[in-house]
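Here's a quick briefing to read with the model open in your viewer.

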Amino acid sequence: MMHIMRKTQTTSRSAAKEASHERIVSAAARAIRRSGYAGTGVADIMKEAGLTHGAFYAHFESREAMLAEAADRAGAESNAAAADIIAAAPPEQALKALIQTYLSKLHLDSIELGCPISALGSEMPRQSPEVRRAATRRIKEMIDLIARQSPDWGQPSAHERALVTAATMVGTLILARAVDDPALSDALREAALANLAATCS
């Protein structure tokens, strides 16, 4: 009986720790997109997750370890959203639907919940190897997801077009967010949409 009780308590503690870890990573994934890597502090993340600052080291060895998990989570969420957009569209319209959604005004304004590559791209060269490794894995997934929408998927030409498409989408959003001129921001997105749409038809 004691053995069963101890096992139940251990399982409950383990589940509680896992739930807390999930809250921290989720809060950090939003925070890095909202405030950047440099602007994301441990104390703020723990507060947002509803936990004490002191509990942090029960979950992570370092701030970099948390940021790496946050980068991985943000990338996974973004790629899952992209996959959902593709799955909801007719196959011949899937890539166009993804591009339109990515370069939309809604995505432009939703930095906290949107693509972490366009939110954090310029900061990446200064991050730790573990953060860059996590982000790179998710960037490769995004490129592959785009390439899979080509009729010649598996050929070098499909991969090359996917590289250009991903770079154009991300670069456009970075520039459109960077400028303080709404008309220029819109023009950047519209020009990229028109050019990328032409490659989809």
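Predicted model: local features only at pLDDT ≥ 70, side-chain atom pairs only at ≥ 80, totals over all residues.

**The α3/α4 pair**

- Two packed helices are described by the angle between their axes and the distance between the axes.
- For α3 and helix α4 (residues 94-102), the axes come within 8 Å and cross at roughly 135°.
- Angles over 145 degrees would count as roughly antiparallel and 65 to 115 as roughly perpendicular, so α3 and α4 are oblique to each other.
- Which residues make the contact? On the α3 side they are Ala 82, Ile 85 and Ile 86, and they meet Ala 94, Ala 97, Leu 98 and Thr 101 in α4.
- Sorted by type, the residues of this contact between α3 and α4 come out as six nonpolar, one polar and no charged.

**The nonpolar cores**

- In soluble globular proteins, nonpolar side chains tend to be buried together.
- The largest nonpolar core here has 27 residues, and the members touching the most others are Ile 24, Ile 32, Tyr 37, Ile 45, Phe 60, Met 66 and Val 131.
- Which elements give two or more residues to this core? They are α1 (2-35), α2 (42-48), α3 (63-88), α6 (116-120) and α7 (129-147).
- Leaving aside residues up to four places away in sequence, Ile 24 touches Ile 45, Met 46, Ala 49, Leu 51, His 59, Phe 60 and Met 66.

**A spot on α7**

- Thr 136 sits in helix α7.
- Thr 136 and Ser 150 are 14 residues apart along the chain, and 22 Å separates their C-alpha atoms.

**The whole chain**

- The protein chain has nine helices and zero strands, giving the pattern α-α-α-α-α-α-α-α-α along the sequence.
- Its C-alpha atoms fill a box of roughly 70 × 40 × 30 Å along the principal axes.
- Of the chain's 201 residues, 38% count as buried.
- Among contacts with a separation of 6 or more, residues 24 or more positions apart account for 66%.

How values were computed
Residues numbered from 1 in each chain as written. Heavy atoms only, no water. Core = buried A, V, L, I, M, F, W, Y, C linked by side-chain atoms within 4.5 Å. Buried < 20%, exposed > 50% of the residue type's maximum accessible area, 1.4 Å probe, protein only. Helix = DSSP H or I, 4+ residues; strand = E, 2+ residues; numbered from the N terminus. Contact = heavy atoms within 4.5 Å. Axes fitted to C-alpha atoms, helices over the stretch in contact; angles between N-to-C directions. Parallel < 35°, antiparallel > 145°, perpendicular 65-115°, else oblique. Nonpolar A, V, L, I, M, F, W, Y, C, P; charged D, E, K, R; others polar.
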